[in-house]
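User: Please take a close look at a single part of this model and describe its surroundings in one connected account.

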Amino acid sequence: MTDAARPPFPPFTRETAIEKVRLAEDGWNSRDPEKVALAYTVDSRWRNRAEFVTGRAEIVAFLTRKWARELDYRLIKELWAFDGNRIAVRFAYESHDDSGNWFRSYGNENWEFDDSGLMRLRYACINDLPIEESERLYHWPLGRRPDDHPELSDLGL
């Protein structure tokens, strides 16, 4: 894995913060742990729910476990706030377990970036809501959310 720079770079404007959020969403919707890990510094630190992750190898292992149990994962992220090298987002994703039980998981993330646009800190708070399959709102084919798909605010989430 490389340390290639990841534009846009801080300090963020509203436009570049929105772009950074969409790039993160696109990466996570790929469900490719190796690809996603490249957006983080080699020593990146996370708090995800009650789990603490440090470095790209642990990020890859975490995401591999995550997407092995959160099936048909689809995510939408939305900019909440930004300042300098920090961005706050809110998000919701839908997935199901291997028994076919569907969930919508809601949360907030606080991000901090280095000068090359790599995320060095990620703090996530997440709550899971069991839903019926008929309550799903995300029906696009697996992968990147289509540009014409509603955002979180448009969906009333």
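Analyst: Arg90 lies in strand β4, where helices (H or I, at least four residues) and strands (E, at least two) are DSSP runs numbered from the N terminus. This is a predicted model, in which local features need pLDDT of at least 70 and side-chain atom pairs count only at pLDDT 80 or more, while totals for chains, interfaces and linings use all residues. Residues are numbered from 1 along each chain as its sequence is written, and side-chain values use heavy atoms, with hydrogens and water left out.

Arg90 has a relative accessible area of 15% and is therefore buried (under 20% relative accessible area, with exposed over 50% and partly exposed in between, for a 1.4 Å probe and protein chains only). Its side chain is joined to that of Ser153 by a polar contact of 3.4 Å, a term for a pair of N or O atoms within 3.5 Å, of which, within protein, one must be able to donate a hydrogen and the other to accept it, residues adjacent in sequence counting only if both atoms are side-chain atoms. Leaving aside residues up to four places away in sequence, Arg90 touches Ile76, Lys77, Glu78, Trp80, Gly107, Asn108, Leu152, Ser153 and Leu157, contact meaning heavy atoms within 4.5 Å.
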